[in-house]
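Have the sequence and the 3D view open as you read.

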Amino acid sequence: MLGMFSYGFILRAAVVGTLVSLCASLLGVCLVQKRFSMIGDGLSHVGFGALAVAAALGLAPLKVAVPVVIVAAVILLRFSENGKIKGDASIAVFSTGALAIGVMAVSLSDGLNTDLYNYMFGSILAMSNSDVLWSIILAVLVILTFVLFYNRIFSVIFDEEFAKATGIKTSRYNMLIAILTAVTVVLGMRMMGTMLISGLIIFPALTAKQIFKGFRGVIICSAAVSVFCFLAGLTASFYLSTPTGASIVIVNIIVFLIFGGASILRGRLS
Amino acid sequence: MAQIDVKNVTLAYESLTVTENLSFSVNEGEYLCIVGENGSGKSTLVKAILSLKSVKSGEIVFSDGLAANQIGYLPQHSAQKADFPATVYDVVRSGQIGSGRLFISKKDKADIFENMELLGIAELAKRSFAELSGGQKQKVLLARALCATKKLILLDEPTASLDPDAAEELYRLIERINKERRITVIMVTHDMHSVDYATHVLHMGKDNIFTTRDGYVRRFG
């Protein structure tokens, strides 16, 4: 079972994936409660567009995608705070727009190559040593954010008006969450795939909410579920030769259903 | 000296002026009810007092040791967090964020429990906030407001979604907070009955009328 970790690429994928899953699940609790579930999906499409353009121009993928997706996250957040365009509509605009730009960039360069297929559906081979470094830095930042600002993050997502009235600069915390989400999405999408990365953000939070009623419980359970599902999915994909991203999301679905069943059972019993 | 002095304030919503030349003041320990029709600017005034919105002209001055972010606020419609994973303790504790400290101290924790005791919700501490009744939720949010202030609470339609019994219970608790702790109360309300508890009334409309409760009763009876 541990034999698979003797391959360097699996070990890198396991480290990056575990850290990214952890970050995605923590941020996911916030995004789901703020009714921003689709933001991960929208940002991954923007990431796809940026990666495709970077590939076409021969630039380093992360150096282009990380800033572009951060800018997109900040703009999406501004739109939904001002309420000029509703949150879901602005995400749809970004998703389709970026996808179109990405597809166009691919077709104008050298057609659909393997790299871009991998961006869409993920590849376990995609993780380099610099991804490992980036994901360690990201995980440290995300965990520090949640430990130091636990009370404020709770307050900002539970009741933004109240937090503002109490002197908290809520837009700073929203911005922090958006930027961390952007980096998480870009790091995770090449392994999980553009189409599947938002599963890492949404599923663990929804799964945890079925059993836990307190905020701390949901956060901790969500992180544990996310890391477990990632490692189980990665192992399954290695031994069954199934696509990595899809395997991980399917394990997430199974755990979600089990927790849902347990929650219904508990309701019946009490 | 007044805790809040509203001087010749004009408030606008988008570009529409909702009220003009509004002046009144609130002193420590007073209980002010703000009444008036929909659209008369009550909610805009609340946002202006909380510094969530700027005034078009005039000024709102805080003094007597009160700062703008030391107001305990109970927002309107905030009881609708139907699926938020939070315990009662989580919610009450979030009132402490104004302290400027990242982590809560022993004294903060004692305050949290004291406020929960005062409102009779201490035994609910570990319960899910989302699963409480409307009246219980409002008591939890009132406890949170108390954690954010020692001086003044600002309540925006606190009983709007409550049945008469629950509303009465909440009014009694607010009265106790006002009398026993000398915490100033400003309450926006539609319920004329709640004026009974006030010391002063601000009636917002075509003409803004600021008077004592007795003056208000004589005039509008």
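Helix H4 of chain B is mostly covered, with twelve of its 14 residues buried (under 20% relative accessible area with a 1.4 Å probe, protein chains only). Among those buried residues are Val140(B), Leu141(B), Leu142(B) and Ala143(B), along with Lys137(B), Lys139(B) and Arg144(B). Helices here are DSSP runs of H or I with at least four residues, numbered from the N terminus.

This is a predicted model, in which local features need pLDDT of at least 70 and side-chain atom pairs count only at pLDDT 80 or more, while totals for chains, interfaces and linings use all residues. Residues are numbered from 1 along each chain, chains are lettered from A and ligands numbered from 1 in the order written, and side-chain values use heavy atoms, without hydrogens or water.

Now look at the neighbour of H4(B). The axes of H4(B), residues 134-147, and H5(B), residues 164-180, come within 10 Å and cross at roughly 15° (axes are lines fitted to C-alpha atoms over the stretch in contact, with angles from 0 to 180 degrees between N-to-C directions). That makes H4(B) roughly parallel to H5(B), a label for angles under 35 degrees. Where do they meet? Gly135(B), Gln138(B), Lys139(B), Leu142(B) and Leu146(B) of H4(B) meet residues of H5(B) including Leu170(B), Leu173(B) and Ile177(B), contact being heavy atoms within 4.5 Å.

Over in chain A, helix H11 covers residues 215-240 and reaches 37 Å from its first C-alpha to its last, close to the 38 Å expected (1.5 Å times one less than its number of residues). Just after H11(A), Ser241(A) takes a positive phi of about 55°.

Definitions and conventions:
Helices (H or I, at least four residues) and strands (E, at least two) are DSSP runs, numbered from the N terminus. Angles under 35 degrees count as roughly parallel, over 145 as roughly antiparallel, 65 to 115 as roughly perpendicular and the rest as oblique. Buried means under 20% relative accessible area, exposed over 50%, partly exposed in between (1.4 Å probe, protein chains only).
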